[in-house]
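Thanks for passing this one along.

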Amino acid sequence: MTDFRLITTIRDIPEAQWQALQLNSGGTYPFLNYQFLAALEDSGCIGTGTATHASGWLAHYLVRHNAQGEAELIIPCFRKDHSYGEYVFDWSWAEAYQRYGLEYYPKLLWAVPFTPASGPRLLHNATSDGRRQQYWQDAIHAVHTLCAEQHLSGWHLNFIDNTTRPLLDTLCAQPRPDNPLAAVRRRGCQFHWFNQGYISFDHYLQSFASRKRKNVRKERQRLQEAGINIVQKTADEISTADLHFFYQCYQLTYWRRRSQGYLNEAFFQCCRQHLSAQMLLVQAEKDGQPLASALYFFDDTTLYGRYWGSQQDIDGLHFEACYYQGIEFCIKHNLQRFDPGTQGEHKISRGFTPVSTFSYHQLMQPEFQQAVAQFAREEESQVIIYEQQARSLLPFKS
């Protein structure tokens, strides 16, 4: 790893250099924005703090500089002491290691903390496909070497964007255990909404079968009859008080499940200060009093539904705040895709299509790598069947 420098805080990387590489390789994808990751560090959501989940996240950014001393390649990774906040579940792998008297943690996670949103995972200045492929090959070599040097069990590249997946399939599909590029591909499923040139929400519903269309209209109508008003806010319209109320709702969602949210209010307030131009806040209120709130991020093409909470359990309010309002925002702003997060088969009847997500994994123990490869092959066949079954339940006309 002689070409790369290991940096354990984003504040040691010049923001201008980071952002220039991101715009070149990832566009305006919000979750690799310098300020998003800085907010995670500055708020103590990741790092060396004492919080239960934060203490297991340590930034391990691998940076390579050019002859002028400027960053040309950044690999955003995190040293992990657990598997919380990843959404590609490997707890069973850790248990298998333990049964054989081996240590699964620490490991290296190549992803965005607490964010199961597919996107770019390498920041670079490449302007050609050949150079881009070389950078990816260099990056995989670098993380493999880091795992060997720090005695990590392996690396895990989660939620890669679809434009990069064919390249990784080519680079990583090498069966030899001693090949530093070899990695196992793992397939998952989410439900996303796609804009087919709709001009309004009603125009969108015209693509539904009659009964399904009536169900959605009735669902929205019940909230209107209950006197619930929905407000959308972006950029400077989002106030400190708005995010304070949102955060209370966000934590209530976890409290009802006897747990606690990964993120604190300081993180969200930092995002408001630096990233509000890419934030959408949906508020539900009745008689002038707020009831619920949902927070989204967006870039030039995609809306990402991320966090939600409500002070009252009102039938249909979650669907309105987290799905229908997001669809309306996409139509109004001509966004092409809406990624509302993980899980949720209830999204199917509202027009969210099953899509495949992909991650790549390399374990340093050859025997375990072979076992994981077999597991991933069997799991992928089941995911494909699940996606086919889910598509048969979509509400669209034949």
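This is a predicted model: local features need pLDDT of at least 70, side-chain atom pairs count only at pLDDT 80 or more; totals for chains, interfaces and linings use all residues.

1. Let's start in strand β4, where Ile75 is the bridge partner of Leu62.

2. Zooming out, β3 and β4 sit in an open sheet of four strands, ordered β1-β3-β4-β7 with antiparallel pairing. Which strands stand at its edges? They are β1 (5-7) and β7 (123-124); each has a single partner strand, so one side of each is left without a neighbour in the sheet.

3. Helix α4 lies across β1, β3, β4 and β7, and runs at about 55° to β4.

4. You will also find an open sheet of 11 strands with mixed pairing, in the order β2-β5-β6-β8-β15-β9-β14-β13-β12-β11-β10. Its edges are β2 (57-59) and β10 (228-234): each has a single partner strand, so one side of each lacks a neighbour in the sheet. On average, neighbouring strands here are turned by 30° against each other, direction ignored.

5. Within this sheet, β6 (residues 107-110) and β8 (residues 154-157) run parallel and are joined by three bridges. For Leu109, the bridge partner in β8 is His156.

6. Two helices are worth a look here. Helix α4 (residues 129-149) packs on the sheet and touches β6, β8 and β15 (353-363), with its direction at about 155° to that of β6. Helix α8 (residues 240-255) also packs on the sheet, touching β10, β11 (279-286), β12 (289-298) and β13 (302-310); its direction makes about 75° with that of β13.

How values were computed:
Residues are numbered from 1 along each chain as its sequence is written. Side-chain values use heavy atoms; hydrogens and water are left out. Two strands pair if DSSP finds at least two bridges between them. Axes are lines fitted to C-alpha atoms, for helices over the stretch in contact, and angles run from 0 to 180 degrees between N-to-C directions. Contact means heavy atoms within 4.5 Å.
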